[in-house]
Amino acid sequence: PHQPRINPSILAADFVNMQADLARIAGADFVHVDVMDNHFVPNLTFGPQMVQRIQDTSPVPLDVHLMIDDPDRWAPAYAELGAASVTFHLEAANEPVALARRLRAIGARAGLAVKPMTPVESLFDILDDVDQILVMTVEPGFGGQSFMPETMPKLRRLADEARRRDSSVWLQVDGGISASTIAQAAEAGADTFVAGSAVFGADDPEQAIAALRRTAAG
Ligand code: DX5
Ligand code: ZN
């Protein structure tokens with residue numbers, strides 16, 4: 001398999017020193033950008049104008065995670081500004097297949113996210129229309145929460161189904177990923193790992209990224 005991808009989440013960065021913090025993760029695969037609207041989740045971050053500046057400034061491609069209502073309406077703008085991938089929540093989308101196709105047509109990887117309690121079988125119908133699936137390993141909304149191991153059977157079922165279909169879909173986990181939790185997520189089938197506090201909370205973010213990648217590779 002591909003070497004594990006590590007996507008640091010800038011939710012844990014310093015919002016008024018974003019350019020400097022982006023420069024500290026140049027060895028990452030993607031930068032994970034959490035967009036929150038205070039409706040889908042009880043927290044608020046930033047919108048397309050800020051994400052455009054991150055796109056202009058980041059040394060690595062953008063992996064945008066939309067925790068917003070009505071992604072059908074708002075998601076395409078993030079693909080248009082050049083994000084490498086745009087992930088929206090299944091729980092929030094009205095027409096997930098149509099939206100995924102639209103994101104792909106604009107040139108982004110289409111991603112579909114599910115909250116910890118959302119059954120994974122609800123994804124099977126749309127699996128072939130997306131490039132990556134994000135299994136949330138915490139309730140979305142905040143950084144620094146504890147990894148939920150009870151989401152691992154779901155990830156395993158998804159990985160089995162992807163293998164059965166010979167699918168090249170990427171399986172991503174997000175929430176509480178650290179040196180002590182990343183191995184179990186990798187073992188359950190994840191290949192792409194979002195880490196906020198574990199990267200930006202480290203003295204040396206580049207070293208933390210390399211260490212996470214090594215641990216995930218087993
Ligand atoms: C949570 C966000 C995550 C968050 C992860 O809703 O989607 O991307 O930044 O932060 P950590 O790695 O600190 O759990
Ligand atoms: Zn996220």
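This is a predicted model: local features need pLDDT of at least 70, side-chain atom pairs count only at pLDDT 80 or more; totals for chains, interfaces and linings use all residues.
Reader: How many of the 218 residues count as buried, as a percentage?
Author: Of the 218 residues, 46% count as buried. Among contacts between residues at least 6 apart in sequence, 62% join residues at least 24 apart.

Reader: Which residues does UniProt list for "binding site", and how do you know that they gather at one spot?
Author: The unreviewed UniProt entry lists H32, D34, H65 and D174 under that name. These residues span 143 residues in sequence, yet no two of their C-alpha atoms are more than 10.6 Å apart, so they gather at one spot.

Reader: Where does UniProt place the feature "active site"?
Author: The unreviewed entry places that feature at D34 and D174. Although they span 141 residues in sequence, their C-alpha atoms are not more than 10.6 Å apart, so these residues too gather at one spot.

Reader: Why is H32 called buried?
Author: A residue is called buried if 20 or more other C-beta atoms lie within 10 Å of its own, and H32 has 29 such atoms within 10 Å, so the word applies. H32 is found in strand β2, which covers residues 31–36, and, leaving aside neighbours within four places in sequence, H32 is in contact with N7, P8, S9, I10, D63, H65 and V194.

Reader: Why do D34 and D174 count as buried?
Author: Against the cut-off of 20 or more, D34 has 24 C-beta neighbours inside 10 Å and therefore counts as buried, and D174, with 26 such neighbours, is therefore buried as well. D34 is found in strand β2, whereas D174 is found in strand β7, residues 170–174. Not counting residues up to four places away in sequence, D34 touches S9, L11, T45, H65 and M67, while D174, with neighbours within four places left aside, is in contact with H65, L134, M136, T137 and V194.

Reader: Is Q19 buried or exposed, and what makes it so?
Author: A residue is called exposed if 12 or fewer other C-beta atoms lie within 10 Å of its own; Q19 has 12 such neighbours and therefore counts as exposed.

Reader: Why are α3 and α4 called roughly parallel to each other?
Author: Two packed helices are described by the angle between their axes and the distance between the axes. The axes of helix α3 (residues 71–80) and helix α4 (residues 96–106) come within 9 Å and cross at roughly 15°. Angles under 35 degrees count as roughly parallel, and α3 and α4 are therefore roughly parallel to each other. Their crossing is right-handed.

Reader: Which residues of α3 and α4 meet?
Author: From α3, P71, D72, A75, P76, A79 and E80 meet L99, R102, L103 and I106 in α4.

Key:
Residues are numbered from 1 along each chain as its sequence is written. Chains are lettered from A and ligands numbered from 1 in the order in which they are written. Two residues are in contact if their C-beta atoms, placed from the backbone, lie within 7 Å. UniProt positions are given in the numbering used here, feature names are shortened, and annotations may be inferred rather than shown by experiment. Helices (H or I, at least four residues) and strands (E, at least two) are DSSP runs, numbered from the N terminus. Axes are lines fitted to C-alpha atoms, for helices over the stretch in contact, and angles run from 0 to 180 degrees between N-to-C directions. Angles under 35 degrees count as roughly parallel, over 145 as roughly antiparallel, 65 to 115 as roughly perpendicular and the rest as oblique. A crossing is left-handed if the near helix is turned anticlockwise from the far one by less than a right angle, and right-handed if clockwise.
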